Amino acid sequence: MNFRVPAPQGALDSACGLYAVVNAAYYVGAARSKNEVYNLVLGSYSNDSNIFRKLLLDGTSARELQEMMKKCEKVVPVKFLRLGGGAARIDSTWVKITAALNDNRGSCVVVGIDYADEDTGHWTVVNQSSYDASNKSGRLSLYEGGTEVGGMNYGSMGAGKSKNISNTEVWLVTKRPKD
């Protein structure tokens with residue numbers, strides 16, 4: 001008898017952008033609950049009848065993620081990280097992400113990952129980063145759904161590799177300073 005293997009939860013939708021924003025705000029402790037951020041972001045689309053098509057089927061564009069991050073500024077400080085470009089892009093990307101996380105303890109970074117073999121990408125949260133320029137090595141730790149879900153090694157990313165960090169889509173999310 002043949003049984004079909006069902007798709008894992010999350011494999012049929014494209015809601016990773018929404019989840020990355022919610023998880024980042026919750027990770028830094030700025031939101032009392034994940035629902036607080038979820039409702040804040042989705043509430044901003046209350047006049048948009050295509051919201052479910054956009055966020056669940058079509059995925060989240062860089063522009064839409066930027067709009068979501070701006071909505072989150074009500075509960076958590078966010079900052080766009082300028083990463084630069086050119087041949088040394090992957091090195092400068094890792095240096096800047098690692099420095100931002102080291103300089104802002106307890107913070108995280110929302111990044112867009114591009115896949116070379118697919119016409120798609122994935123939004124995720126990086127909560128730890130290491131980089132050793134002399135050895136050209138490092139690791140990004142990914143945080144999704146309330147847990148660390150593994151990571152990406154420096155050697156697997158960059159031009160000509162299977163994955164790359166999208167240059168225009170990196171956001172630092174920090175804890176709100178205490179008054």
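This is a predicted model: local features need pLDDT of at least 70, side-chain atom pairs count only at pLDDT 80 or more; totals for chains, interfaces and linings use all residues.
Colleague: How many aromatic pairs does the structure hold, and how are the rings of Trp94 and Tyr131 placed in their pair?

Modeller: The structure holds three aromatic pairs. In one of them the ring centres of Trp94 and Tyr131 are 6.4 Å apart with the planes at 45°, so this pair is tilted, because planes under 30 degrees apart would count as stacked and those over 60 as edge-to-face.

Colleague: Which parts of the chain does that pair link, and is Trp94 buried or exposed?

Modeller: The pair links distant parts of the chain, with Trp94 in helix α5 (residues 89-103) and Tyr131 in strand β3 (residues 121-132), 37 residues apart. Trp94 is buried at 0% relative accessibility, and Tyr131 also counts as buried, with a relative accessible area of 19%, because the cut-off for buried is under 20%.

Colleague: How many disulfides are found in the whole structure?

Modeller: A disulfide is a covalent bond between the sulfur atoms of two cysteines. Here a search of the whole structure finds zero of them. As for the cysteines themselves, Cys16 is buried with a relative accessible area of 18%, and Cys72 is buried at 2% relative accessibility.

Colleague: Where is Ser107, and what lies 2.4 Å from a polar atom of its side chain?

Modeller: Ser107 sits in the loop between α5 and β2 (108-115) and is buried at 3% relative accessibility. The backbone oxygen of Asn104 lies 2.4 Å from a polar atom of the Ser107 side chain. Beyond its neighbours within four places in sequence, Ser107 is in contact with residues including Tyr27, Ala100, Asn127 and Thr174.

Notes
Residues are numbered from 1 along each chain as its sequence is written. Side-chain values use heavy atoms; hydrogens and water are left out. Rings of Phe, Tyr and Trp (its six-membered ring) pair if their centres lie within 6.5 Å; planes under 30 degrees apart count as stacked, over 60 as edge-to-face and the rest as tilted. Helices (H or I, at least four residues) and strands (E, at least two) are DSSP runs, numbered from the N terminus. Buried means under 20% relative accessible area, exposed over 50%, partly exposed in between (1.4 Å probe, protein chains only). A disulfide is a pair of cysteine sulfur atoms within 2.5 Å. A polar contact is a pair of N or O atoms within 3.5 Å; within protein, one must be able to donate a hydrogen and the other to accept it, and residues adjacent in sequence count only if both atoms are side-chain atoms. Contact means heavy atoms within 4.5 Å.
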